[in-house]
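Biologist: I'm new to this one. Can you put it on screen and take my questions as they come?

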Amino acid sequence: MLKSKKLLCSTLVTFCLTFGSTAMAADMPGEGVTVIPGQSGIEGELFQTLVVMQGLRDLGYDVKEMQVAKYPALHISIANGDVTFLASHWRDLHQSFYDKAGGDEKLSREGILVANNAQGYLIDKKTAEANNITNLAQLRDPEIAKLFDANGDGKADLAGCVPGWGCEKVIEKQMDASKLRDTVTHNQGEYSAMIADTIARYKQGGSILYYTWTPYWVSGKLVPGKDVVWLQVPTEESPDTALSNDQNYGFMPDNQSVVVNKKFVDENPAAASFLKNASINVNDVSAENMAQLEEGQKGLPGATMHAEAWIKANSELYNSWLEEARAAAE
């Protein structure tokens with residue numbers, strides 16, 4: 001009888017340990033797998049990166065610190081397995097980076113993380129209405145261009161796109177297509193510094209010309225329709241960006257996805273499922289970017305606080321991604 005009791009207890013202990021281990025494995029399918037996030041250095045993209053990082057942590061993955069580099073280098077690093085993912089891959093804008101890094105053979109684009117991202121050129125509404133400016137091509141006129149001269153050289157100063165982001169190639173192409181080289185300077189310095197100068201010039205009553213995108217905090221400070229207006233781009237000079245509503249901003253509306261190492265997603269169905277399902281409303285990203293301007297909410301600490309708050313506020317949706325991810329691993 002004693003021997004039977006010992007055997008029963010032994011069996012129960014073995015069962016409990018095995019069951020507990022199985023349950024833990026199902027709950028944390030990424031346990032023991034290292035993940036290295038990539039980040040572009042653009043502060044406005046920290047938030048979405050941190051949400052993705054936390055999701056992978058909640059699935060048991062060992063998520064390391066972010067590796068910061070320009071987009072082209074990050075795509076190559078992901079293809080080589082030195083970095084695992086980038087949560088701010090613009091599907092159209094970054095297509096050439098994707099292709100040059102190996103395309104579908106080495107990379108995978110999972111779902112749509114942030115949909116309906118806009119890009120284009122804007123000028124202040126006061127100057128637009130006073131001079132009937134609606135189209136980028138009007139800047140061929142030296143007198144129109146001079147209105148946006150910030151440094152006294154007689155040419156319009158466009159606060160443009162940083163080399164390596166992808167948007168600079170589009171702007172350069174349209175500079176040529178619209179024959180703007182003689183009247184417009186495409187400034188490509190540090191974007192945050194350029195846009196700070198642009199906003200300061202606007203506050204002083206000056207005319208401004210700049211490139212920006214959404215989601216980003218700039219359109220919260222310079223509100224389209226209220227403070228500034230989007231410029232159209234001649235469709236005959238940029239036919240591939242024409243919209244069905246006869247508008248053409250020079251850029252098609254784009255979607256941001258998580259681009260990830262192909263081998264990693266093939267070997268980690270839980271991560272693949274989570275990355276495919278994860279989705280953040282573009283207005284939530286814009287609101288977070290605006291919040292980052294407030295004292296005490298800046299940089300990585302601020303973005304971390306915002307990501308945690310977003311996950312808590314959207315816990316039902318977020319947990320559904322985790323549940324599907326765990327199911328995918330079984």
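Biologist: Is Gly154 buried, exposed or partly exposed?

Modeller: Gly154 counts as partly exposed, because its relative accessibility is 27%. Buried means under 20% relative accessible area, exposed means over 50%, and partly exposed is in between (1.4 Å probe, protein chains only). Before we go on: this is a predicted model, where local features need pLDDT of at least 70, side-chain atom pairs count only at pLDDT 80 or more, and totals for chains, interfaces and linings use all residues. Residues are numbered from 1 along each chain as its sequence is written, and side-chain values use heavy atoms, with hydrogens and water left out.

Biologist: Where is Gly154 in the chain?

Modeller: Gly154 sits in the loop between helix H6 (142-146) and strand S8 (156-159). Helices (H or I, at least four residues) and strands (E, at least two) are DSSP runs, numbered from the N terminus.

Biologist: What is Gly154 in contact with?

Modeller: Lys146 and Asp149, leaving aside neighbours within four places in sequence. Contact means heavy atoms within 4.5 Å.

Biologist: How many Å apart are Gly154 and Gly220?

Modeller: They are 30 Å apart, C-alpha to C-alpha. Along the sequence, 66 residues separate them.

Biologist: New topic, Thr212. Which strand is Thr212 in?

Modeller: Strand S10, residues 209-213. Thr212 is buried, with a relative accessible area of 0%.

Biologist: Which side chain does the side chain of Thr212 make a polar contact with?

Modeller: That of Tyr191, at 3.0 Å. A polar contact is a pair of N or O atoms within 3.5 Å; within protein, one must be able to donate a hydrogen and the other to accept it, and residues adjacent in sequence count only if both atoms are side-chain atoms. Beyond four places in sequence, Thr212 also touches residues including Ala118, Gly120 and Val218.

Biologist: And Gln39, buried or exposed?

Modeller: Buried, because its relative accessibility is 3%. Gln39 belongs to strand S2, residues 37-39. A polar atom of the Gln39 side chain lies 2.7 Å from the backbone nitrogen of Gly41. Residues up to four places away aside, Gln39 touches Leu46 and Met66, among others.

Biologist: Where is Leu46 found?

Modeller: In helix H2, residues 46-58. Leu46 counts as buried, at 10% relative accessibility. Its C-alpha is 10.0 Å from that of Glu288, 242 residues away along the chain. Among its contacts outside four places in sequence are Gln39, Gln292 and Leu300.

Biologist: Now helix packing. At what angle do H11 and H14 pack?

Modeller: About 150°, with their axes 7 Å apart. H11 covers residues 269-277 and H14 covers residues 315-329. Axes are lines fitted to C-alpha atoms, for helices over the stretch in contact, and angles run from 0 to 180 degrees between N-to-C directions.

Biologist: What does that make H11 and H14 to each other?

Modeller: H11 and H14 are therefore roughly antiparallel. Angles under 35 degrees count as roughly parallel, over 145 as roughly antiparallel, 65 to 115 as roughly perpendicular and the rest as oblique.

Biologist: Which residues make the contact?

Modeller: H11 gives Pro269, Ala270, Ser273, Phe274 and Asn277. H14 contributes residues including Tyr318, Trp321 and Leu322.

Biologist: How do H13 and H14 cross?

Modeller: At roughly 90°, their axes coming within 5 Å. So H13 and H14 are roughly perpendicular to each other. Here the contact is made by Trp310, Ile311, Lys312 and Ala313 of H13 with Ser315, Tyr318 and Trp321 of H14.
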